[in-house]
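Please take a slow walk through this protein with me, one piece at a time. Keep the picture in view as you read.

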Amino acid sequence: MSLLTAIRPAFGRSLHRLRRDLGFGVAGAAVQFVAWAVPMSVPWLIYEDTSALGEVMLALTLPLVVPALATPVLTRVQRWRFKALLDIEITGPKVAPRQLWYHLLAGPAVAWGGVLAVTMALVGLAAATVYIWIWGVPLSWRVEHVGYSTKAAYVTVGGVILLALAYALVGALARLDVRAATALLGPVPAKELERRVEDLTESRAGAVDVADAERRRIERDLHDGAQQRLVSMAVNLGLAKATLTDLPDEARQVIEEAHREAKDAIEELSALVRGLHPAVLDELGLDAALSGIAARAPLPVRLHVHVPERAAPTVEAVAYFVVSEALTNVAKHARAERADVTVVRTGDMLRVVVADDGEGGADAARGSGLTGLAKRVGSVDGTFGISSPSGGPTVITVELPCVL
């Protein structure tokens, strides 16, 4: 009982697959019959007065001409067959030269393979049930043909093998038909690759825009929420320090320390907010936003910005991040005395160059903050380059597309 229980699901799946593939093959053969048999019968049905040579010529040319002219219709029918019977959706252009190869070669070959599979199945079924046929013949015949039972056993085994081969052939033909139709009735590979690249580009641009919008939201929340509460607390502590002069020295020291910590926290939070997405960038653009970075830098920074037309907001945010992070790295690691920042728009390209006169030796491959810069630039299809020989100078060059 347990063996039957284990076999029954597998047998059911095999039977379902056989019915599906067989129905799929029969439908394909029917389409091919209409596309080939009908044109071949036209010379004998219509052109009764045509010479024998003319009939032969028509019989040879019409089966080629009719599928060529009916390619759009045949393609739609075949795509519907794949969708309805196998739940495989094949999309592509309405008409393409490759489709004709399916209707003239691949489709008919699969259809003839189906005819072979059906013939094998019928012969195999007849051979596998030979004992039933034998018991239907007269008893006298069985008496005269001694040894028929052994021969019938061989025939039965051969019939079972034919049935198994027919089953395997039906499945193989269905898979072959799917591959041929996907290659010939589907989209052109180059155009499909181009479409996928466009989809990926659009989805990536959407993801970058979403991330940038999220950074702006965090910046607004920090600026309008936590930062304002810290400012209020610092003001209250300052008032307490100025007015509560009669407190013990220990209490006044605690208030002064809390006041100093609050101001430091405000400064750090302001730097964090500016690093996320400064409001001045949205309001006044790169020139004003980068001027603020240059003014706050701990070393002299010469800034040149020439952007006659603003780039996409996400691109501006990346350019701002590049300059901010690059100047931070210069201040921390370069031991430089000055830095130069140049931001110029040329056509549809925004070029950002950050140079310093430090000791050089910066290498993005060593996993420093430069790796994050390169990834941020690559998120908008930009290019990132760095030249930093030992002894300096270090030059970071970034090119960003102005439109995503």
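His306 stands opposite Val344, a residue of strand E2. His306 is also where strand E1, residues 301-306, comes to its end. The model you are looking at is a predicted one. In it, E1 and E2 (residues 339-346) run parallel and are joined by 6 bridges. As background, strands of a sheet pair through backbone hydrogen bonds, and they can do so in either a parallel or an antiparallel way.

How does the chain get from E1 to E2? Helix H12, residues 313-334, belongs with these two strands, and together E1, H12 and E2 make a left-handed β-α-β unit. In the loop between H12 and E2 you will find Arg335. Arg335 has a positive phi of about 55°, although it is not a glycine. Why point this out? Most residues other than glycine have a negative phi.

Now step back to see the sheet as a whole. It is an open sheet of 5 strands, in the order E1-E2-E3-E5-E4, and its pairing is mixed. Which strands sit at the edges? They are E1 and E4 (383-387), each of which pairs on one side only. From one strand to the next, the twist averages 10°.

For the antiparallel sense, look at strand E3 (residues 349-356) and strand E5 (residues 394-401), which pair over 8 bridges. Here Asp356 stands opposite Thr394 of E5, and Ala355 has Val395 as its bridge partner in E5. Val395 also has Ser387 standing opposite it. E5 is joined to E4 as well, by 5 bridges, and these two strands run antiparallel.

Pro393 lies in the loop between E4 and E5. For comparison, most peptide bonds are trans.

Two packed helices are described by the angle between their axes and the distance between the axes. Helix H4 (residues 97-128) and helix H7 (residues 148-184) pack at an angle of about 165°, with axes 7 Å apart. Because of that angle, H4 is roughly antiparallel to H7. The crossing in which H4 passes H7 is left-handed. What kinds of residues make up this contact? Sorted by class, there are 26 nonpolar, 6 polar and 2 charged residues.

The unreviewed UniProt entry carries the annotation "transmembrane region" for residues 21-46, 52-74, 109-134 and 154-174. How much helix does the model show in the last two of these? Over residues 109-134 the chain is 96% helix and 0% strand, with its end C-alpha atoms 37 Å apart. Over residues 154-174 the chain is 100% helix and 0% strand, and the end C-alpha atoms are 30 Å apart.

Conventions
Residues are numbered from 1 along each chain as its sequence is written. This is a predicted model: local features need pLDDT of at least 70, side-chain atom pairs count only at pLDDT 80 or more; totals for chains, interfaces and linings use all residues. Side-chain values use heavy atoms; hydrogens and water are left out. Axes are lines fitted to C-alpha atoms, for helices over the stretch in contact, and angles run from 0 to 180 degrees between N-to-C directions. Helices (H or I, at least four residues) and strands (E, at least two) are DSSP runs, numbered from the N terminus. Angles under 35 degrees count as roughly parallel, over 145 as roughly antiparallel, 65 to 115 as roughly perpendicular and the rest as oblique. A crossing is left-handed if the near helix is turned anticlockwise from the far one by less than a right angle, and right-handed if clockwise. Ala, Val, Leu, Ile, Met, Phe, Trp, Tyr, Cys and Pro count as nonpolar, Asp, Glu, Lys and Arg as charged, and the others, Gly among them, as polar. UniProt positions are given in the numbering used here, feature names are shortened, and annotations may be inferred rather than shown by experiment. Two strands pair if DSSP finds at least two bridges between them. A crossover is right-handed if, with the strands pointing away from the viewer, the path from the first strand over the helix to the second runs clockwise.
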